[in-house]
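Subject: Handing over a structure, with notes

Dear colleague,

I am passing on to you the structure shown just below, and I would be grateful if you kept it open while reading. My notes on what was found follow after it.

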Number of protein chains: 2
Amino acid sequence: MKILILGGGQLARMLALSAHPLNVKTVCIDPNKDACGGDVTQLIVSELDQIDAILPQLADVDAVTIETENIPVTTAQAFSKIKPFYPSIEALAITQDRMKEKTFVASLQIPTARFAAATTLDELQHAVEQFDLPVVVKTCRFGYDGKGQAVIRNANEVETVWRQLASDNLIVESFVNFTREVSLISVRDKAGNMVFYPLVENVHQEGILRSSTAPYQDAKLQQLAQDYAAKIMQKLNYVGVMTIEFFQVGEQLLVNEIAPRVHNSGHWTIEGAETSQFANHIRAIAGIPLGSTEPIGFSYMHNCIGDMPAMNGCMQIPGLYYHAYNKAPRDKRKVGHITIVAKDSKTLQDSKAELLKKI
Amino acid sequence: MKILILGGGQLARMLALSAHPLNVKTVCIDPNKDACGGDVTQLIVSELDQIDAILPQLADVDAVTIETENIPVTTAQAFSKIKPFYPSIEALAITQDRMKEKTFVASLQIPTARFAAATTLDELQHAVEQFDLPVVVKTCRFGYDGKGQAVIRNANEVETVWRQLASDNLIVESFVNFTREVSLISVRDKAGNMVFYPLVENVHQEGILRSSTAPYQDAKLQQLAQDYAAKIMQKLNYVGVMTIEFFQVGEQLLVNEIAPRVHNSGHWTIEGAETSQFANHIRAIAGIPLGSTEPIGFSYMHNCIGDMPAMNGCMQIPGLYYHAYNKAPRDKRKVGHITIVAKDSKTLQDSKAELLKKI
């Protein structure tokens, strides 16, 4: 079994690290010759749309998957004609466009923030007038880690934001005054079996995920999130890991974003769950029975943004796992993460406090 | 930080898999172009004694270590002139020769089976006469997984065994009627700090390790084993993971073998301990503080000999981890292992029984 991963960043790297022990071979494609997936598996250096050049190198590939939703649908379709493509073309097409995604979610009667499309300055102006301020304006495509987003707090900011985002494919969303942000990692295999990890509480700053704490224990919300995820995955004939980021508002969950892939808020599962999200994505695609999503104790995942913290001091915290991605330091870049797994919530809080003091 | 690993088999593979998240680069050398370490890190295909050919490729290497004791000491010495060599030249020289090893252990007043050298048929005859039968005769070098060993149960078998082993460098050992076989994985860093994993109970068949169960809980034996290991590591100025296989006889521990490296009986630590033996070996060499050796629950490690079991069925056992080495199936070859981690000993026994039914 050999899986082609479109994209060669840290998610491809961690997928490959999980695939090796399962005897599943991997190969990733990335335009960057230093893509960190290449440290641990075969890397083909190429733009992702150079299909004719890539295809001859893929004779022995059994399936194709992605580590990013920013893959041209035409590329995915070209590969899917030759080998099975996971999670599914439809899942990719919908989740790479915020407007399509929100419309799709709403069509399933799953709640989201109020939203409207804006393809002209007039439409943006009109949408802002319809909604209570503040509103969030996002480019429909290629946004991540807070890029391609702006908040309008005052009606006279509309034109500035229009110029700033410089796109005729925008979505306007009402600002959600959430209780907290949570996410759900789900997995569906080819036979339609589904497993769900426990909800995770996430903290973002400047649009970038800073930390995740697992499990977020609320049986009602867990059930609600799983119901939504199941509906979405079934509708998309989804195979693999899917992530939903929710805004929790009281007892409600509003879908904020769907990622058709393994996700930063699931990195804690490497040590904190019986099966990691990466191993389960590989298992779903390779036809290996899905593994248990049970948490092992309580986990805190801390993103390393910009550069990795020094190891001295923090490495001696019990249950701490250091994950460097071998990426060059750069402002606001995710270069690694640290997970702490503890037997109980109190120990986790103590170890987390110790970590934050030391880095 | 980049570490050269002499040998490119499954131990190099698992060392490299552990090194990546620590931002420690690895390169391994193996004469076999399909050596499974090459799946996950850089592989230089070369005989290990072709030092002149290898050296130019190693300009960026910071330290050298081994995944097998069957490395010519001259090779290790040549590398050690350029870069630090771990665990130590002396540790390699002693542990690759059973007679040197036993003599060294005895010199530290640490118990072993009774032993004697035999370099001629006469000496073998003489040793056998001195000992009670049965005795075990082993080649001093290059024996592993039961190869290069024979048992003499009857005085008239001496000549047959002499011809069979075809070596003039033999050790004769009294046969130990042991209560059980246990092993201890120890780690020592460059500053002399030491950590010890809990004792593991091992089962061998035909000289090949079949399974390990951890922890083997006996506070007195644990202390005794640690005392022996500490003495040995300090004497050898050892850096990295060292494994001692013991025969337990009542309340005594006799040293059977020392492996100057990560060891098959420590594979359970990947998921069953807070830090794996592989990560701790890398940490010791790279100057990263050693990680906790605390077990996470109770573990059973099952070696896959000959070929890997089918995944169907066994993959759904909770807490089960499948480790294929991507090695071609072959009689008596170690091609992978499976670890089960459970919260308590009873659950572990149940899951183990289920595994053994299904493979």
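Helix 1 of chain B and helix 10 of chain B are roughly perpendicular to each other, a word used here for angles of 65 to 115 degrees, where angles under 35 degrees count as roughly parallel, over 145 as roughly antiparallel and the rest as oblique. Please bear in mind that this is a predicted model, in which local features need pLDDT of at least 70 and side-chain atom pairs count only at pLDDT 80 or more, while totals for chains, interfaces and linings use all residues. Residues are numbered from 1 along each chain as its sequence is written, and chains are lettered from A and ligands numbered from 1 in the order in which they are written.

In chain B, helix 1 (residues 10-19) and helix 10 (residues 277-286) pack at an angle of about 70 degrees with their axes 8 Å apart; helices (H or I, at least four residues) and strands (E, at least two) are DSSP runs numbered from the N terminus, and axes are lines fitted to C-alpha atoms, for helices over the stretch in contact, with angles running from 0 to 180 degrees between N-to-C directions. On the side of helix 1 of chain B, the residues that meet helix 10 are B:M14, B:L15, B:S18 and B:A19, and their counterparts in helix 10 of chain B are B:F278, B:A279, B:H281 and B:I282, where contact means that C-beta atoms, placed from the backbone, lie within 7 Å. By class, this contact of helix 1 with helix 10 of chain B has 6 nonpolar, 2 polar and no charged residues (Ala, Val, Leu, Ile, Met, Phe, Trp, Tyr, Cys and Pro count as nonpolar, Asp, Glu, Lys and Arg as charged, and the others, Gly among them, as polar).

In chain A, the axes of helix 1 and helix 10 come within 8 Å and cross at roughly 70 degrees. Helix 1 of chain A is mostly covered, with 10 of its 10 residues buried; a residue is buried if 20 or more other C-beta atoms lie within 10 Å of its own, exposed if 12 or fewer, and partly exposed in between. These buried residues pack against strand 1 (2-6), strand 2 (25-30), helix 10 (277-286) and strand 17 (334-342) of chain A, together with helix 1 of chain B.

**How the two chains meet**

At the interface, 23 residues of chain B are in contact with 23 residues of chain A. Strand 16 (residues 320-324) of chain B supplies the largest share of chain B's side, 3 residues, and by class that side has 13 nonpolar, 8 polar and 2 charged residues. The copies meet through the same surface, because 100% of the interface residues of chain B are also interface residues in chain A.

A:H20, in the loop between helix 1 and strand 2 of chain A, touches B:L17, B:D39 and B:V40, not counting residues up to four places away in sequence. With 24 C-beta neighbours inside 10 Å, A:H20 counts as buried.

**The nonpolar cores**

The largest nonpolar core has 186 residues, and those with the most contacts inside it are A:L15 and B:L15; such a core is a set of buried Ala, Val, Leu, Ile, Met, Phe, Trp, Tyr and Cys residues joined through C-beta atoms within 7 Å. A second, separate core of 17 residues includes A:A127, A:V128, A:C140 and A:W162.

**Backbone details to check by eye**

The peptide bond from A:L133 to A:P134 is cis, with omega near -5 degrees, and A:P134 lies in the loop between helix 6 (121-130) and strand 6 (135-139) of chain A. B:A166 has a positive phi of about 45 degrees although it is not a glycine, and with 9 C-beta neighbours inside 10 Å this residue counts as exposed.

With kind regards

How values were computed. Contact = placed C-beta atoms within 7 Å.
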